[in-house]
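Welcome! Take a look at it, then follow each solution step by step.

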Amino acid sequence: MDRSPHATTFDELLVAARGIAKEVAAVHAADVDARARFPQETIDALKRVGALSAPLPKACGGAGCTMRELGMLCAAISGACGSSGMVLAMHYIQVACIMRHGAESPYFQSYMHEISEKQLLLASITSEVGTFGDTRSSICAVERRGERFVLNKDATTGSYCAHADAILVTCRRDSDAPRNDQVLVLVKKEDMSLVQTTTWDTMGMRGTCSPGFRLESTGSIEQIIPGSFSDGASLSMVPYSHILWSALWWGIADDAVAKAARHVRNEARKNPGTVPPSATRLAEVSLQLQTMRLGWQALADEFDAIDARPHGRQDLLGLGWALKMNNLKTSSSEVAPQLVHRALQIIGIMAFKNDSPLSLSRHYRDALSGSLMISNDRIAAKSASMLMVFKDD
Ligand SMILES: Cc1cc2nc3c(=O)[nH]c(=O)nc-3n(C[C@H](O)[C@H](O)[C@H](O)COP(=O)(O)OP(=O)(O)OC[C@H]3O[C@@H](n4cnc5c(N)ncnc54)[C@H](O)[C@@H]3O)c2cc1C
């Protein structure tokens, strides 16, 4: 890999990410979308600046970025290419799971250094044929054979698995464990075979390349992340997913509204001294956009504050925090396509055209994936049962 020196601080990474968004992601986004292909150029550019190790502590070669900082990096990329932003966010979620639950293990300590040095890309398989979108339940099990394991899984959806250096896979702890007694296992590219079982010809997020796969894998038992996935999900996978996804959906909406603003200013220049009627709609949409940004940033800041407190992680296991995460995910995934829709109404036909610089076709289609990515109905049903017992003090 052609490697220039890694950016070591968040500020450097943000400047680099904004440059990559403009000069690389935006240039290739239409082709990535049209051909439903992996955004290789953008991910390579992110690797060159060291962005793939941004969440890791400096001692492991990372930049030690906070949740809010990671969200800003994902949003910067997703404005130019939603699929690239989603790949980056999903990778950060996996790195966070290793960093927060593998830190005591010499194996994962060393693996974190490897992620930084080689800028490894990590994917995730939680979905499985037969579990119907319930991430907290698995049919497959990890089978220990001495110092090695065997893990086979039939996944319904696996983003960029064919392009990743490793995949974190959920499964039952052993073949006698119930479906909800899960662990997370790191499976490396050299130890797995992937047979694609379905296609990925979707409305949006086409560049995430997320068909179904039959995974067959083996590895050292050290690659099983210590502890239960139940805790890992509450403490790490859910907060990182819901906050970073919200950030990147906001990035898509922000770019759509920026296009609408450009259009309104052009209209205003045609009739100096007058305010075009669409400016009122722009004022309304910018309010909604600001509310969406404040929503994900407030919870990112809250997460960072909780995490910085000694024993703060206990708070992340409570119903109050779980409800906040559910509310953030469902509200931001619903608002993002609405914002793109309103931007489309402001711009009109030039946003409706696929070949116009103001086109919002890809933004719209990408934003629609949010409510399905862990179904909002499924999340609402979980929130409803929590609200039966939760009392907000
Ligand atoms: C862009 C994208 C990338 C993805 N990447 C990955 C990946 O990398 N790895 C991975 O493992 N998975 C991935 N997924 C899959 C994702 O995590 C979910 O597993 C999947 O989207 C759920 O599919 P489903 O709609 O069939 O699920 P379900 O949750 O089963 O929902 C099916 C239907 O049932 C309804 N429903 C479900 N539960 C309830 C309920 N309690 N009350 C009322 N209605 C309900 C829903 O409204 C929905 O219409 C990705 C998905 C997308 C969209």
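A patch is made of residues with over 30% relative accessible area and no salt bridge, joining like charges within 9 Å and nonpolar side chains (Val, Leu, Ile, Met, Phe, Trp, Tyr) within 5 Å. The model is predicted, so local features need pLDDT of at least 70 and side-chain atom pairs pLDDT 80 or more, while totals for chains, interfaces and linings use all residues. Residues are numbered from 1 along each chain as its sequence is written, and side-chain values use heavy atoms, leaving out hydrogens and water.

**Exercise 1.** Find the residues of the nonpolar surface patch, and decide whether methionine 388 is buried or exposed.

*Solution.* 
- Step 1: The patch consists of Leu319, Leu387, Met388 and Val389, which together have about 430 Å² of accessible area (Shrake-Rupley method, 1.4 Å probe, only the protein chains shown counting as cover).
- Step 2: Helix 11 (residues 376-389) gives the most to this patch, 3 residues, and methionine 388 lies in helix 11.
- Step 3: Methionine 388 has a relative accessible area of 69%, so it is exposed (buried is under 20%, exposed over 50%, partly exposed in between).

**Exercise 2.** Work out how helix 3 runs relative to helix 4.

*Solution.* 
- Step 1: The axes of helix 3 (residues 67-78) and helix 4 (residues 82-101) come within 7 Å and cross at roughly 155°.
- Step 2: Helix 3 is therefore roughly antiparallel to helix 4 (angles under 35 degrees count as roughly parallel, over 145 as roughly antiparallel, 65 to 115 as roughly perpendicular, the rest as oblique).

Definitions and conventions: Salt bridge = Lys/Arg side-chain N within 4 Å of Asp/Glu carboxyl O. Helix = DSSP H or I, 4+ residues; strand = E, 2+ residues; numbered from the N terminus. Buried < 20%, exposed > 50% of the residue type's maximum accessible area, 1.4 Å probe, protein only. Axes fitted to C-alpha atoms, helices over the stretch in contact; angles between N-to-C directions.
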